[in-house]
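Please look over the chain shown here before reading the notes. The notes are grouped by topic.

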Amino acid sequence: MAQVKIGENLQVLDGASILELESTSRALVLTRVNQAQMSAMTPLHGALVYNTDAECIFVFDGTAWKSLCGAGMAVTTSSMAPIANQVGDVWIDTAQNNVSIWDGSDFVLINRNPKSGNGSPSTITVNDPLAGDIYVDKNSGDLFTYDGTNWIIQGNAVQALNGITETSTNTIELGGALTRPTSLQSNSINTLAIEGLQMSNNPADLVVVMDASTQVLRQMDKSFLLQREETLVVANNGQNQFATPLAITDTKKIDVYRNGIKINFTAIGSNTIALDPGIICFQDDEIRIVQFF
């Protein structure tokens, strides 16, 4: 039934007290231990110590030591990981710009992706990469992904060639020099069209043509689009059949003139025309046959 009071007002002791300390100039000093010393103890449930590493009072709950500093989770902003942590405590790593949470055993990085650092990823900038991790070089803006073995640069590793250009903002655009023979295949369904072409009134402009055998596009002067062969024959008296310069494929591409006057005719063979029956040639008439192709 004994009661003990130490300090001032010794004559005043509450009936429910087993020990009272009262002073305005002296303090109660709990057992002072560091983290390792505290962890090595397994005292009675409710034991109290002052942890000199954590600078906090801890209570033993029968299984583990619990910090009495603050309520709920603790948030530490430092380049070094805090010690004597409680489940849910948050550490903001000012050296790596990472945020971690204490799971009871270790700090778990909660902003694992994307990682970032100054320069390309390495064992210095990232010491625990996992497959699928993303890293951003804060100096260049380059993006890297980790395949489980190596960091693979993205974007800049793609070369825009053969008519494709990559801009300074990593945008792929149509345009640029062709670096190899290039073929675009189309059919009756998947056709190719260029819309919005302007009309040209310049007679010096060239036209685009396709090689009949290779289908390679070329440019050509418009004067070559309509070519012609011409034959001048001095007719005999009564002659009405004449040979054409080329094989006849279309009579609309043949003009016949007698002494400078255009006349009608009929094709009677692959290279022969006959003047209309009402047209009579006299000796030394000039028959000019113009054939377009």
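Predicted model: local features only at pLDDT ≥ 70, side-chain atom pairs only at ≥ 80, totals over all residues.

Residues are numbered from 1 along each chain as its sequence is written, and side-chain values use heavy atoms, with hydrogens and water left out.

**Domains**

- The domain assignment of the chain gives domain 1 (32-67), domain 2 (75-109) and domain 3 (228-292); such bounds come from an automatic or database domain assignment.
- The centres of domain 1 and domain 2, taken over C-alpha atoms, are separated by 20 Å.

**Nonpolar cores**

- A nonpolar core is a set of buried Ala, Val, Leu, Ile, Met, Phe, Trp, Tyr and Cys residues joined through side-chain atoms within 4.5 Å.
- Buried means under 20% relative accessible area, exposed means over 50%, and partly exposed is in between (1.4 Å probe, protein chains only).
- The largest nonpolar core has 13 residues, and those with the most contacts inside it are F242, V256, I273, L275, I287 and I289.
- Two or more residues of this core come from each of β21 (254-258), β24 (272-275) and β25 (286-292); strands (E, at least two residues) and helices (H or I, at least four) are DSSP runs, numbered from the N terminus.
- A second, separate core has eight residues, including V49, C56, F58 and W65.
- In soluble globular proteins, nonpolar side chains tend to be buried together.

- L275 lies in strand β24 and counts as buried because its relative accessible area is 3%.
- Leaving aside neighbours within four places in sequence, L275 is in contact (heavy atoms within 4.5 Å) with Q239, N240, F242, V256, I263, N264, F265 and C281.

**Pockets**

- A pocket is an open set of points on a 1 Å grid over the protein atoms alone, where a 1.4 Å probe fits, with protein on both sides within 12 Å along at least five of seven lines; lining residues have an atom within 4 Å of a point.
- Grid points are joined across faces, edges and corners, and a volume is the space filled by probe spheres set on the points.
- Lining residues are classed as nonpolar (Ala, Val, Leu, Ile, Met, Phe, Trp, Tyr, Cys and Pro), charged (Asp, Glu, Lys and Arg) or polar (the others, Gly among them).
- The largest pocket has a volume of about 550 Å³.
- Its lining has 13 residues, of which T182, S183, L184, Q215 and L217 lie nearest the centre.
- Seven residues of the lining of the largest pocket are nonpolar, six are polar and none is charged.
- The second largest pocket has a volume of about 350 Å³ and is lined by 17 residues, with Q96, N98, L109, N127 and D128 nearest its centre.
- At least two residues of that lining come from each of β8 (90-93), β9 (98-102), β10 (107-109) and β11 (115-117), and β10 gives the most, with three.
- The lining of the second largest pocket has six nonpolar, seven polar and four charged residues.

- R218 is in strand β18 (residues 217-221) and is partly exposed, at 47% relative accessibility.
- Not counting residues up to four places away in sequence, R218 touches V207, V208, V209 and D211.
- R218 and N237 are 19 residues apart along the chain, and their C-alpha atoms are separated by 49 Å.
- L206 is in strand β17 (residues 206-210) and is partly exposed, at 45% relative accessibility.
- Beyond four places in sequence, L206 is in contact with Q219, M220 and D221.
- The C-alpha atoms of L206 and L225, 19 residues apart along the chain, are separated by 11 Å.

**Loop residues**

- D53 lies in the loop between β4 (48-51) and β5 (56-60) and is partly exposed, with a relative accessible area of 39%.
- D53 touches N34, Q35 and I83, not counting residues up to four places away in sequence.
- N9, in the loop between β1 (4-7) and β2 (19-22), has a positive phi of about 50 degrees although it is not a glycine.
- D284, in the loop between β24 and β25, is not a glycine either, and has a positive phi of about 75 degrees.
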